[in-house]
Amino acid sequence: MPLNHKLIYDWNRVDGQELRLAGLPMLDDETLRDGLQSPSVLDPSIRKKIQILHLMEDLGIDSADLGLPGAGPRARGDVLRLAQEIASSKMRIRPNCAARTLESDIRPIAEIVQATGVEIEAATFLGSSPIRQYAEDWTLDFLLRTTEQAVNYARSLGLPVMYVTEDTTRARPEVVIRLYKTAIECGARAIVVCDTVGHVTPRGVRALLGFVREEVVKPSGEKIRVDWHGHSDRGMAVANSLAAFEAGADQVHGTALGVGERVGNTPLDQVLVNLKLMGSLDRDLRKLKEYCEVVSEAVGVPIPPNYPVVGADAFRTATGVHAAAVIKALRKDDVELANQVYSGVPSHWFGLEQKIEIGPMSGKSNVIFWLERHGIATSDDLVERIFARAKQADRLLTDAEVLKICRETKA
Ligand SMILES: [Zn+2]
């Protein structure tokens with residue numbers, strides 16, 4: 001269901017469907033791998049990781065990166081436990097694991113598949129841009145040979161391969177073709193186009209993915225899944241991901257709250273919100289806030305109050321004009337109207353409510369509404385006292401402060 005209200009003229013959809021997609025958009029959750037590469041996060045306990053995995057499943061997220069088991073015994077133990085959870089809870093989510101193009105990174109994935117019977121896609125990654133090649137002293141021949149060895153090795157162990165080229169958004173076209181072509185010839189059936197450093201804008205996304213479709217996927221004659229993996233360095237990650245879907249990506253990668261390297265990955269929660277608002281994904285997202293809060297707590301990264309949808313202030317107002325409009329709509333018994341009159345995102349779609357508070361910018365209608373909501377009888381005197389106190393304050397009044405005025409007025 002796209003955003004729809006008879007009183008909204010939707011300029012996003014003047015010429016029909018907002019996002020034109022060939023199939024259902026798929027999402028890959030990188031919270032437990034790329035997300036944990038953020039310099040600020042704590043590595044959550046395995047209990048928390050399992051809880052997060054279940055929330056991904058509840059949100060209908062298609063696949064999840066369980067981690068990089070080649071990183072050491074702890075990482076490996078956690079990936080094993082998560083794969084066991086997928087098996088024992090009969091989860092639908094498709095797991096994958098990151099691996100450098102090294103046998104020592106790929107082998108542990110096959111061992112976990114052996115131990116659990118769960119199919120895990122190997123996401124083998126390799127740098128592809130000239131700047132990275134120069135810094136690392138890599139020749140193209142070396143990259144091609146490494147690709148061939150890694151993909152062949154993973155295939156020989158029976159692992160499905162998604163082949164990841166880091167920094168694709170700054171790689172030369174002929175290198176993009178040769179790397180993907182080699183990986184596909186060796187048996188990779190998914191390729192991941194990466195904006196590893198957060199360089200690209202939607203225009204570049206369309207150009208690059210169009211190029212990959214025409215010059216790599218079509219000539220291969222194979223059914224190849226194309227993934228998009230983006231970062232937020234220029235604040236473009238959500239827009240880039242939506243552009244990627246339109247340019248033919250089958251799956252987009254992201255993390256809860258966008259936690260990840262530097263300023264982070266594409267915030268998957270915001271992609272979900274937009275796909276729903278655009279009518280491209282019909283999914284129950286009432287657990288979205290819980291998912292974000294559990295990740296926030298588990299990794300020790302607080303949610304900023306002004307964060308879209310799940311931030312504490314997302315549906316909260318104390319401003320007189322805004323609150324008055326919301327209150328009038330609520331008095332018409334129209335939740336749809338109340339939740340959209342001053343918000344581009346209807347809170348009830350995400351199991352959330354508008355909150356009217358009282359502060360220096362409030363009108364008396366805020367006060368009356370607040371008292372009604374708290375089951376307190378209104379009187380002119382009480383409204384006047386609360387209103388006067390709010391006007392003197394330099395911030396919103398807390399519930400406790402308003403309740404105290406109520407008690408004093410009664411006494
Ligand atoms: Zn990344």
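Contact between elements is taken here as heavy atoms lying within 4.5 Å, while helices (H or I, at least four residues) and strands (E, at least two) are DSSP runs numbered from the N terminus. The model is predicted, so that local features need pLDDT of at least 70 and side-chain atom pairs count only at pLDDT 80 or more, whereas totals for chains, interfaces and linings use all residues. Residues are numbered from 1 along each chain as its sequence is written, and side-chain values use heavy atoms, with hydrogens and water left out.

The eight strands β1-β2-β3-β4-β5-β6-β7-β8 form a closed barrel with parallel pairing, two strands being paired if DSSP finds at least two bridges between them. Within this sheet, neighbouring strands are turned against each other by 25 degrees on average, direction ignored; axes are lines fitted to C-alpha atoms, for helices over the stretch in contact, and angles run from 0 to 180 degrees between N-to-C directions. Strands β2 (residues 63–65) and β3 (residues 94–100) are joined by three bridges in the parallel sense. Helix α5 (residues 140–156) lies across β4 (121–127) and β5 (161–166), at about 155 degrees to β5, and helix α9 (residues 268–277) lies across β1 and β8 (251–254), at about 165 degrees to β1.

A zinc ion is coordinated at 2.0 to 2.2 Å by Asp-34 (OD), His-229 (NE2) and His-231 (NE2), donors being N, O and S atoms within 2.8 Å of the metal (3.2 Å for Na, K and Ca); water is not among the atoms, so sites may look incomplete. Asp-34 and His-231 are 197 residues apart, and Asp-34, at 3% relative accessibility, is buried (under 20% relative accessible area, with exposed over 50% and partly exposed in between; 1.4 Å probe, protein chains only).
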